[in-house]
Amino acid sequence: MQSNQATETGKRNSLHGQWSSRMAFILAVTGSAVGLGNIWKFPYVAGQNGGGAFVLVYLACVALIGMPVMMSEILIGRRGRRNPISTMALLGAEEGNARHWQWVGAMGVLAGVLILSYYSVIGGWTLAYVFKSGSGAFSESGAAGITAIRDAFLGNWKTVALFHTIFMTLTIFVVARGVERGLEQAVRFMVPALLILLITLLGYSINSGHFGEGLAFMFTPDFSKLTWDSVLAAMGQAFFTLSIGMGAVMAYGAYLPEETSIGGSSAAVAIADTSIATLAGLVIFPLVFANNLDPADGPGLVFITLPLAFGQMPGGVFFSTLFFLLLSFAAWTSAISLMEPAVAWLVERFNRTRSEAALMIGLSIWALGLGTVLSFNVLSEFKFLRGTIFDNLDHLTINIMLPLGGVFITVFAGWVMCRNSTSDELGNTGNMYKLWRILARFVAPIGIIFVFLKAVGLLDYLSNQ
Ligand code: PHE
């Protein structure tokens, strides 16, 4: 039974409609979660941070921090049924007498815009590889040849910009049409197909790669190699890959039917997402070692290892084209969710049509993205703080803005919202609710802040005084 309050808020409706079913919601969030983060980013960040220990910390972050943040985001979204900025303002006023919680929503909208500005460039890169694979460019070229193809592609800023433009256009197109139409269908076939192809590739890497070495690299933790900066990177990766901390899942939660279980849906998404990332790592690392490549090679890693594997496989041209096509799809369904909070806000707050809003936001993101396009060529030597423009955007959004968003979201759901509201949304089913509350009130916010302080060295500084 629901309390009066829930019935009252249950009457709140989203301007943008609702998911047609529980499955549709799970598919949409999975579509958001599964993307470049799993297949492009996870292997290279794990590689740069020494493997095993990083992977372990990442898994712990998914379970102990990612899950409660995701549940909090969905419950806040469903309760408010607006875009993340207005939802935080509304619930902030209702539950805590403070509209300034809307700044948490605003930071999320900004994070989405900044992330999409480079996400789209890598999405474009993936798209370009669909054509390169199709043309047979990768068959029979060895590691050196494939590296040369990649460097030539990245070196030419005009082509990189062209594919970034195509990717952004596709994203604007779907967001303008509204999330439900098209998106559900795309995810329904994309995630299983991606899974099947990854399993096929796994077979290849077990046979032809140095599988034992790859396995050991990924799962033998050497904690002496782990710095607090890598712990921060592992935590950031958990946020990024689950699409949390910036309101994407909150925006999707606003379209969630009343009776759907939030805990169950979150668990389903987290399991699907983590399995795909792990599988990607198991495919990539054996190939890295078999070909004497460097696991710490950086953002270009999958664009070398996978073409290399496909190049030696029977039917490689076909499979490689299909793989990059699926990866582009996966990136596309994630890109949509990065843009949704900003677009929903513009529509609700300024009475814009979805098309106008999508076009305005999309064009701004496209322009910002040129900074990343140039980071790989013309401006590759222009470095400050963490490196190129891309490196800085990447660090600022993933390692700082998303976890910070996570702190505020869990503090809001765990401390500011009253128990009745959260148990209405999560269903007061005993242990699950209690566990969520402990994680959301204590473990997640304290854990995130602790890692932050350790990574900037503040705790050590203070204790040495
Ligand atoms: N989770 C997506 C990926 O792994 C990226 C993303 C981050 C999407 C944040 C939405 C919000 O590729």
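1. **Helices H4 and H18.** In this predicted model, look at how helix H4 (residues 52–80) meets helix H18 (residues 419–426). Their axes come within 10 Å and cross at roughly 100°. That falls in the 65 to 115 degree range, so H4 and H18 are roughly perpendicular to each other. On the H4 side, the contact is made by Met71, Leu75, Arg78 and Arg79. On the H18 side, Ser421, Thr422, Asp424, Glu425 and Leu426 take part. Two packed helices are described by the angle between their axes and the distance between the axes.

2. **How enclosed is H18?** Six of the eight residues of H18 are buried, so H18 is largely enclosed by the rest of the structure. The buried residues are Ser421, Thr422, Ser423, Asp424, Glu425 and Leu426. Just after H18 comes Gly427, with a positive phi of about 80°.

3. **Asp424.** This residue lies in helix H18. Is Asp424 buried or exposed? Its relative accessibility is 18%. The cut-off for buried is under 20%, so Asp424 counts as buried. Now compare Asp424 with Asn156. They are 268 residues apart in sequence, and their C-alpha atoms are 54 Å apart in space.

4. **Helix H3.** This helix covers residues 36–48 and has 13 residues. At 1.5 Å a residue, H3 should span 18 Å. Its end C-alpha atoms are 17 Å apart, which agrees. H3 has a kink of about 40° at Phe42, shortly before the proline Pro43. Just after H3, Gly50 takes a positive phi of about 85°.

5. How many of the 13 residues of H3 are buried? The count is 12, so H3 is largely enclosed by the rest of the structure. Among the buried residues are Leu36, Ile39, Trp40, Phe42, Tyr44 and Val45. Lys41 and Asn38 are on the buried list as well.

6. **Helix H15.** This helix runs over residues 316–350, which makes 35 residues. Where does H15 bend? The bend is at Glu340, by about 40°. A proline, Pro341, follows within four residues. Just after H15, Asn351 takes a positive phi of about 55°.

7. **Positive phi in two loops.** Most residues other than glycine have a negative phi, and most peptide bonds are trans. Asn97 has a phi near 60°, a positive value in a residue other than glycine. Asn97 is found in the loop between helix H5 (84–96) and helix H6 (102–134). Ser243 also has a positive phi, near 60°. Ser243 is found in the loop between helix H11 (228–242) and helix H12 (248–253). Their surroundings are worth checking. Asn97 is exposed, with a relative accessible area of 73%. Ser243 is buried, with a relative accessible area of 10%.

8. **Leu306.** This residue lies in helix H14 (residues 302–311). At 2% relative accessibility, Leu306 counts as buried. Which residues is Leu306 in contact with, leaving aside its neighbours within four places in sequence? They are Leu201, Val283, Ile284, Leu287, Phe323 and Phe324. Ile146 is 160 residues from Leu306 along the chain. Yet their C-alpha atoms are separated by 9.9 Å.

9. **Gly414.** This glycine lies in helix H17 (residues 389–416). Gly414 is buried, with a relative accessible area of 1%. Leaving aside neighbours within four places in sequence, Gly414 is in contact with Arg437 and Arg441. Leu439 is 25 residues from Gly414 in sequence. From C-alpha to C-alpha, Gly414 and Leu439 are 8.8 Å apart in space.

10. **Cysteines.** A disulfide is a covalent bond between the sulfur atoms of two cysteines. How many disulfides does the structure hold? It holds zero. Consider two of the cysteines by their accessibility. Cys61 counts as buried, at 9% relative accessibility. Cys418 counts as partly exposed, at 34% relative accessibility.

How values were computed:
Residues numbered from 1 in each chain as written. Predicted model: local features only at pLDDT ≥ 70, side-chain atom pairs only at ≥ 80, totals over all residues. Heavy atoms only, no water. Disulfide = S-S within 2.5 Å. Buried < 20%, exposed > 50% of the residue type's maximum accessible area, 1.4 Å probe, protein only. Expected span 1.5 Å × (residues − 1). Bend = angle between axes of the 7 residues up to and from the residue. Axes fitted to C-alpha atoms, helices over the stretch in contact; angles between N-to-C directions. Parallel < 35°, antiparallel > 145°, perpendicular 65-115°, else oblique. Contact = heavy atoms within 4.5 Å.
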